[in-house]
Amino acid sequence: MFPFIQKYLSPLYVPVIWTLLIVVAMCIPGSYIPNESRFALPNFDKVVHVGLFGGFVFLWCLFLTKRAVSFRQLLVGFFCFYMLSNGFGVAMEYVQKYWIPGRDYDLGDIIADMFGAGFGYGFSNFLLLPGAKDRST
């Protein structure tokens with residue numbers, strides 16, 4: 001299954017589309033988000049944040065594995081995408097607070113973004129680095 005993932009998810013357009021998906025999802029005005037209390041799961045939005053930012057880190061790291069020359073470049077690149085994801089999550093919360101009507105700043109969302117970025121970083125290191133190390137030797 002991993003070759004399938006590498007083949008179809010490593011082109012540049014995949015992480016770019018995922019990044020745009022995050023921006024669109026975070027910039028939807030609050031009045032457009034449905035509020036169904038019958039089906040609402042407590043803190044489900046935090047799970048969504050974890051998935052979005054974990055996917056962000058993983059997809060950008062997957063893209064990088066096809067382009068990095070050395071194992072060291074992968075290590076540095078993975079960490080850079082992790083840090084970029086954290087900054088991106090914080091920035092999007094401030095965008096919601098100041099520019100998106102009906103949305104507000106939520107520290108819990110930032111924590112979920114950072115947890116997701118950490119999960120994506122760890123998953124990338126666990127899944128993508130061993131194969132890259134074998135190729136670089």
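Buried means under 20% relative accessible area, exposed means over 50%, and partly exposed is in between, with a 1.4 Å probe and protein chains only. With that in hand, here are some notes on the structure.

1. **Ground rules.** This is a predicted model, in which local features need pLDDT of at least 70, side-chain atom pairs count only at pLDDT 80 or more, and totals for chains, interfaces and linings use all residues. Residues are numbered from 1 along each chain as its sequence is written, and side-chain values use heavy atoms, with hydrogens and water left out.

2. **Asn 43.** Asn 43 counts as exposed because its relative accessibility is 53%. The residue lies in the loop between helix 2 (13-26) and helix 3 (44-65); helices here are DSSP runs of H or I, at least four residues long, numbered from the N terminus. For your backbone checks: Asn 43 has a positive phi of about 60°, although it is not a glycine.

3. **Gln 6.** Helix 1 (residues 2-9) holds Gln 6. This side chain counts as buried because its relative accessible area is 15%. Gln 6 and Leu 84 are 78 residues apart along the chain, and their C-alpha atoms are separated by 22 Å.

4. **Glu 93.** Glu 93 is buried yet has no salt bridge, meaning a side-chain nitrogen of Lys or Arg within 4 Å of a carboxyl oxygen of Asp or Glu. The nearest side chain of opposite charge is Arg 103, 6.2 Å away; Lys and Arg count as positive and Asp and Glu as negative, while His and the chain ends are not counted. Leaving aside residues up to four places away in sequence, Glu 93 touches His 49, Asp 104, Tyr 105, Asp 106, Asp 109, Ile 110 and Asp 113, where contact means heavy atoms within 4.5 Å.

5. **Aromatic pairs.** Rings of Phe, Tyr and Trp (its six-membered ring) pair if their centres lie within 6.5 Å; planes under 30 degrees apart count as stacked, over 60 as edge-to-face and the rest as tilted. The count by this rule is 14 aromatic pairs. Tyr 94 and Tyr 105 have ring centres 5.1 Å apart and planes at 45°, so this pair is tilted. The pair links distant parts of the chain, 11 residues apart: Tyr 94 is in helix 4, and Tyr 105 is in the loop between helix 4 and helix 5 (107-136).

6. **Around Tyr 105.** Tyr 105 is partly exposed, at 30% relative accessible area, and Tyr 94 is partly exposed too, at 36%. The charged end of Lys 97 sits over the ring of Tyr 105, 5.4 Å from its centre; the rule asks for NZ of Lys or CZ of Arg within 6 Å of the ring centre and within 35 degrees of the ring normal.

Terms used: Helices (H or I, at least four residues) and strands (E, at least two) are DSSP runs, numbered from the N terminus.
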